[in-house]
Amino acid sequence: MHGSKALAVVGVVAAVNVALLAAPASAAPTAVVGPGTGYVTTGGVDDLTACSFAAVGYDAAGRLVGLTAGHCVLAPGLPVTLIGNPQAGPVGTTALGHWGPDYGVVVLDAAKVIPVSSAGGVTVTDIGTAAPGQRVCKSGAASGITCGTVLDVRADGDIVTDTATVWADSGGALVSGTTLVGIASHADSVPVIGPTVYASATASKNILDAAGGPGAGFRPI
């Protein structure tokens with residue numbers, strides 16, 4: 001999720017922009033968003049990123065929001081466009097990014113987005129904790145579904161697993177069954193194809209709830 005990330009992100013964003021220009025003005029595609037759905041943010045040159053959603057749901061204020069990685073939210077208010085459906089145009093905006101644990105919130109446009117609990121073979125119905133030895137699977141935009149085992153749960157709540165990830169998987173869902181236990185954060189070592197660190201979904205939700213604002217009281221679809 002590092003290294004050649006910048007060049008890869010620029011390529012993805014360029015492809016999205018071309019698709020947007022080519023889309024008919026009357027097109028009104030359905031924007032389905034769920035676990036592992038990929039997106040790009042656009043703004044200035046320093047605001048380009050490509051990441052994934054961990055889960056979609058509603059917060060206590062009734063906003064439709066998506067959970068993602070905090071390092072994917074480079075600034076608040078950036079337009080969010082789906083990698084797999086650029087013709088829909090912006091489907092939301094970034095709201096906040098937190099770096100310990102590494103979680104972020106995107107406020108989605110309920111007029112454009114159909115939120116789903118299942119996407120690409122992964123389902124999220126609730127939020128829970130992980131334990132060493134637990135079997136888990138990750139869903140991300142870049143490498144799809146990969147499965148493995150929880151190797152460690154650190155004192156700060158971060159989860160280390162042997163599930164493979166690459167750069168645009170950041171923010172993707174780590175599930176045990178249909179329980180979201182983690183949010184894809186970063187590689188634990190070099191080379192990047194190796195153990196991956198996930199932010200604790202439970203710790204992230206607890207901080208969101210305590211802070212208030214977008215995402216507080218989040219409940220998955």
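Tutor: A salt bridge here is a side-chain nitrogen of Lys or Arg within 4 Å of a carboxyl oxygen of Asp or Glu. This is a predicted model, so local features need pLDDT of at least 70 and side-chain atom pairs count only at pLDDT 80 or more, while totals for chains, interfaces and linings use all residues. Residues are numbered from 1 along each chain as its sequence is written, and side-chain values use heavy atoms, with hydrogens and water left out.

Student: How many salt bridges does the structure hold?

Tutor: Three. One of them pairs the side chains of Arg63 and Asp59, at 2.7 Å from N to O.

Student: Are Arg63 and Asp59 buried or exposed?

Tutor: Buried means under 20% relative accessible area, exposed over 50%, and partly exposed in between, with a 1.4 Å probe and protein chains only. Arg63 is partly exposed at 31%, whereas Asp59 is buried at 1%.

Student: What does Asp169 pair with?

Tutor: The side chain of Asp169 meets that of Lys138 in a salt bridge of 3.5 Å, N to O. This pair links distant parts of the chain, 31 residues apart: Asp169 is in the loop between β15 (159-161) and β16 (173-176), and Lys138 is in strand β13 (residues 135-140). Strands (E, at least two residues) and helices (H or I, at least four) are DSSP runs, numbered from the N terminus. Both Asp169 and Lys138 are buried, Lys138 with a relative accessible area of 0%.

Student: Which side chain makes a polar contact with that of Lys138?

Tutor: Ser143, at 2.6 Å. A polar contact is a pair of N or O atoms within 3.5 Å; within protein, one must be able to donate a hydrogen and the other to accept it, and residues adjacent in sequence count only if both atoms are side-chain atoms.

Student: Now the helix. Where do Lys205 and Asp209 lie?

Tutor: Both are in helix α2 (residues 201-211), four residues apart, about one turn of the helix. Lys205 is partly exposed at 23%, and Asp209 is partly exposed at 32%.

Student: Which residues of α2 are buried?

Tutor: Ala201, Ser204 and Leu208 are buried in α2. They cover an arc of only 65 degrees around the axis, so they are on the same side of α2. The arc is that of the directions from the helix axis to the C-beta atoms. The buried residues of α2 pack against strands including β5 (64-68), β12 (126-127), β17 (179-187) and β18 (196-200).

Student: And what caps the N-terminal end of α2?

Tutor: Ser200, with a side-chain oxygen 3.4 Å from the backbone nitrogen of Thr202. Just after α2, Gly212 takes a positive phi of about 75 degrees.

Student: Change of topic: which residues does the cis peptide bond join?

Tutor: Gly100 and Pro101, with omega about 10 degrees. Pro101 is in the loop between β7 (92-99) and β8 (102-108).

Student: Last one: how many helices and strands does the protein have?

Tutor: Two helices and 19 strands. Of its 221 residues, 48% count as buried.

How values were computed:
Contact means heavy atoms within 4.5 Å.
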